[in-house]
Amino acid sequence: MTADPVPDLDLAEARLKVIDAYFRGADSRDPAWLDLFTEDVELFFPKFGLTRGKAAVAEFGARLAAELESLEHDIPRLRTIVAGDTIVVEGSEAGVTRSGLRWPDGVVSQGRFCDVFEFAGRLIRSIHIYVDPDFTSADRDRIRILRGEAAGGGGARAALERYIAAMRSEATPEAVASLFTEDPDWDIPGAVDRVPWIGRRSGRAGVADFVRALWDGIEPIRFDISSIVSEGDRAFAAGELESRARRTGRIMRSEFIIDVTVRDGLISRHRLLEDSFAVAEAVA
């Protein structure tokens, strides 16, 4: 029986520092991150497959960055196993998607990963990443199947996530309105005599008017989603928002609930429940 190779301690230590730099560069999106790889580096990622070369790795990183607002690895708690030119790293990560969803939730999404690094000298020549690409466990139907529960429709959740992503990216009024049916039941209760963007709206034109009035009236600061749940044709999002009223300069902060009903992939009913008093005080 052949004994496991004993790593060169100095080289192993140097490689562990490279791995530390890899995770820090991934989290900060530092372009110098690519200098840690060989020219013919091989990358594997679930549902993406294999790719080779620095340019391909850079392209993959850009695609991931377009999906994620932020990503953070728990670097101090990484667990490593060194075996010759191979280093296996197990750890946990957390982040926020572009639609404002945070993970892990500690219930379904756990944020755990395992990466297998192969080195050539002090450069990474291969990295195989084993992590669920469905970071927030949005694939609720498959989760229900694995847990032995009845599968449910995911259309309402997907429609709500599209709406949230559009609002977070400050999409055009017409783009937001296109996510709704032609005759949506829309209402944001509150002091309609003091806050120009709240109240009832009619049709897609009304939704577009809401978006225009909102962007005219506030400067968005924070729009965080803590959870999204759905059942059948209905979905709810809970979160916190922070904005500055353009006319007064005052800051408004509020927890909120978005409640939507979806028909044929489009939002047919919309309610936003927030601290309407705080909003009116900031605007007036």
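Is Phe-113 buried or exposed? Phe-113 is buried, at 4% relative accessibility, where buried means under 20% relative accessible area, exposed over 50% and partly exposed in between (1.4 Å probe, protein chains only). The model is predicted: local features need pLDDT of at least 70, side-chain atom pairs count only at pLDDT 80 or more, and totals for chains, interfaces and linings use all residues. Residues are numbered from 1 along each chain as its sequence is written, and side-chain values use heavy atoms, with hydrogens and water left out.

**Aromatic pairs**
- Rings of Phe, Tyr and Trp (its six-membered ring) pair if their centres lie within 6.5 Å; planes under 30 degrees apart are stacked, over 60 edge-to-face, the rest tilted.
- The count comes to 16 aromatic pairs.
- Phe-23 and Phe-113 form a tilted pair, because their ring centres are 5.7 Å apart and their planes stand at 45 degrees.
- This pair links distant parts of the chain, 90 residues apart: Phe-23 sits in helix α1 (residues 9-28) and Phe-113 in strand β7 (residues 112-120).
- Helices (H or I, at least four residues) and strands (E, at least two) are DSSP runs, numbered from the N terminus.
- Phe-23 is buried too, with a relative accessible area of 0%.
- One aromatic cluster holds Tyr-22, Phe-23, Trp-33, Phe-37, Phe-113, Phe-117 and Phe-119.

**Nonpolar cores**
- A nonpolar core is a set of buried Ala, Val, Leu, Ile, Met, Phe, Trp, Tyr and Cys residues joined through side-chain atoms within 4.5 Å.
- The largest has 43 residues; Leu-160, Tyr-163, Val-176, Trp-197, Phe-210 and Ile-258 have the most contacts inside it.
- Another core lies apart from it, with 27 residues, among them Trp-33, Leu-43, Phe-45 and Val-131.

**Six-stranded sheet**
- An open sheet with mixed pairing runs in the order β10-β9-β14-β13-β12-β11; two strands pair if DSSP finds at least two bridges between them.
- β10 (199-202) and β11 (218-231) are the edges; each has a single partner strand, so one side of each lacks a neighbour in the sheet.
- Twist averages 20 degrees from one strand to the next.
- β13 (residues 251-263) and β14 pair antiparallel over seven bridges.
- Ile-258 stands opposite Leu-272 in β14.
- Helix α4 (residues 155-168) packs on the sheet, touching β9 (180-188), β11, β12 (234-245), β13 and β14; contact means heavy atoms within 4.5 Å.
- The direction of α4 makes about 175 degrees with that of β11; axes are lines fitted to C-alpha atoms, for helices over the stretch in contact, and angles run from 0 to 180 degrees between N-to-C directions.
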